[in-house]
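Have the sequence and the coordinates open as you read.

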Amino acid sequence: MKGGAPLAPIIRTEHLRKVYAVGKERVVALNDVDLSIEKGEFCCIVGQSGSGKSTLLNQLAGLEKPTRGKVFIGRHEISAMSETDLARFRQAHLGFIFQSYNLLPTMTAAENVALPLMFKGVDKNTRLALARKELKSMGLLGRANHLPTEMSGGQQQRVGIARAFVSNPKVIFADEPTGNLDSTTSKQVLYRMLELSKNQQVTFVMVTHEPELARCADRIVTILDGKVQSSVVQDEETRRRNREELFAGLDLTIGGKAAKEKGGGGGKTEAGRAS
Ligand SMILES: Nc1ncnc2c1ncn2[C@@H]1O[C@H](COP(=O)(O)OP(=O)(O)O)[C@@H](O)[C@H]1O
Ligand SMILES: [Mg+2]
């Protein structure tokens with residue numbers, strides 16, 4: 001880490017363990033995980049299928065309770081919160097991006113993006129104005145009144161990203177957000193996530209099984225059989241080089257001129273990759 005003040009961990013686990021009961025079997029999905037993620041980091045969690053990546057993300061995000069051990073976000077021990085407090089905490093401080101986008105089908109892009117603000121009690125006009133601003137930063141202002149079915153997979157995921165960022169969360173969690181996208185669209189979507197995280201100083205935790213995407217992260221956490229095999233901070237130079245390589249020659253004006261010319265944007269979608 002170069003110069004400056006030492007960073008404070010914003011996410012921290014202590015002896016985290018998660019065991020699932022399947023019939024009479026017990027599956028140890030996480031086994032004694034101690035992990036720290038620093039404030040403002042873009043962190044990728046990688047590992048083979050079934051290694052425990054989603055389980056870890058779900059514990060970090062307070063979507064599931066650990067069997068044992070602790071999870072802290074900032075100074076809050078979320079693993080000790082009641083379901084009600086946890087739900088409130090998630091709404092106030094966390095954002096989520098899903099592999100399958102999870103947009104509400106009867107709502108327009110703008111209404112979907114505005115939704116987290118409704119739970120925060122923001123009035124309708126302000127909500128929609130903020131949603132449009134967020135869609136604009138995703139190159140999607142022109143799709144504000146479209147329904148999810150009227151958009152490509154890449155566009156829907158960018159709506160999902162706008163929705164995660166709209167309420168200015170401290171941390172955003174994403175489980176395989178590019179898992180349903182083709183390679184070019186995946187890169188474009190990752191670029192937007194990196195850019196927004198940096199601009200808004202959001203800590204970002206993303207599960208991916210694509211090493212070339214993970215190489216762009218500030219920190220790469222590798223999970224093997226429910227344990228942290230390594231947690232590596234990449235130096236600035238390596239990161240910059242990896243990003244340059246990945247994004248070289250890519251059309252990053254997604255949703256802009258290129259989208260109009262192709263009449264859709266993100267190119268081929270729903271590549272049907274198994275996950
Ligand atoms: N709800 C669940 N019930 C039972 N077993 C589960 C559940 N979720 C995950 N597992 C098991 O826990 C292990 C880790 O799963 P997961 O975290 O989904 O892996 P990954 O995301 O790395 O593919 C796997 O063996 C999986 O089958
Ligand atoms: Mg998974």
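## Helix packing and a ligand shell

In helix 3, Ala109, Asn112, Val113, Leu115 and Pro116 meet Val159, Ala162 and Arg163 of helix 5. Contact here puts two C-beta atoms, placed from the backbone, within 7 Å, while helices (H or I, at least four residues) and strands (E, at least two) are DSSP runs numbered from the N terminus. By class, this contact has six nonpolar, one polar and one charged residues. The classes are simple: Ala, Val, Leu, Ile, Met, Phe, Trp, Tyr, Cys and Pro are nonpolar, Asp, Glu, Lys and Arg are charged, and the others, Gly among them, are polar.

A word on provenance: this is a predicted model, in which local features need pLDDT of at least 70 and side-chain atom pairs count only at pLDDT 80 or more, whereas totals for chains, interfaces and linings use all residues. Residues are numbered from 1 along each chain as its sequence is written, and chains are lettered from A and ligands numbered from 1 in the order in which they are written.

Two packed helices are described by the angle between their axes and the distance between the axes. The table uses lines fitted to C-alpha atoms over the stretch in contact, with angles from 0 to 180 degrees between N-to-C directions.

| Helix pair | Axes come within | Crossing angle |
|---|---|---|
| Helix 3 (109-119) and helix 5 | 7 Å | roughly 30° |
| Helix 5 (153-165) and helix 6 (183-200) | 10 Å | roughly 15° |

Helix 5 is thus roughly parallel to helix 6, and helix 3 and helix 5 are roughly parallel to each other. The scale is: under 35 degrees roughly parallel, over 145 roughly antiparallel, 65 to 115 roughly perpendicular, and the rest oblique. Helix 5 passes helix 6 in a right-handed crossing, and helix 3 passes helix 5 in a right-handed crossing; right-handed says that the near helix is turned clockwise from the far one by less than a right angle, left-handed anticlockwise.

Which residues of helix 3 are buried? They are Ala109, Ala110, Asn112, Val113, Ala114, Pro116 and Leu117, and they pack against helix 4 (124-137) and helix 5. A buried residue has 20 or more other C-beta atoms within 10 Å of its own, an exposed one 12 or fewer, and a partly exposed one a count in between, with C-beta atoms placed from the backbone. Just after helix 3, glycine 121 takes a positive phi of about 80°.

Now to the ligand. Tyr20, Val22, Val27, Ala29, Gly47, Ser49, Gly50, Ser51, Gly52, Lys53, Ser54 and Thr55 surround ligand 1, each with its C-beta atom, placed from the backbone, within 6 Å of it. Strand 1 (9-22), strand 2 (25-38) and helix 1 (53-60) each supply at least two residues of this shell, and helix 1 gives the most, with three. The shell divides into four nonpolar, seven polar and one charged residues.

Finally, a look at one loop. Alanine 217 lies between helix 7 (211-214) and strand 9 (219-224), and counts as buried because 26 C-beta neighbours lie inside 10 Å. Its C-alpha atom is separated by 5.6 Å from that of cysteine 43, 174 residues apart along the chain.
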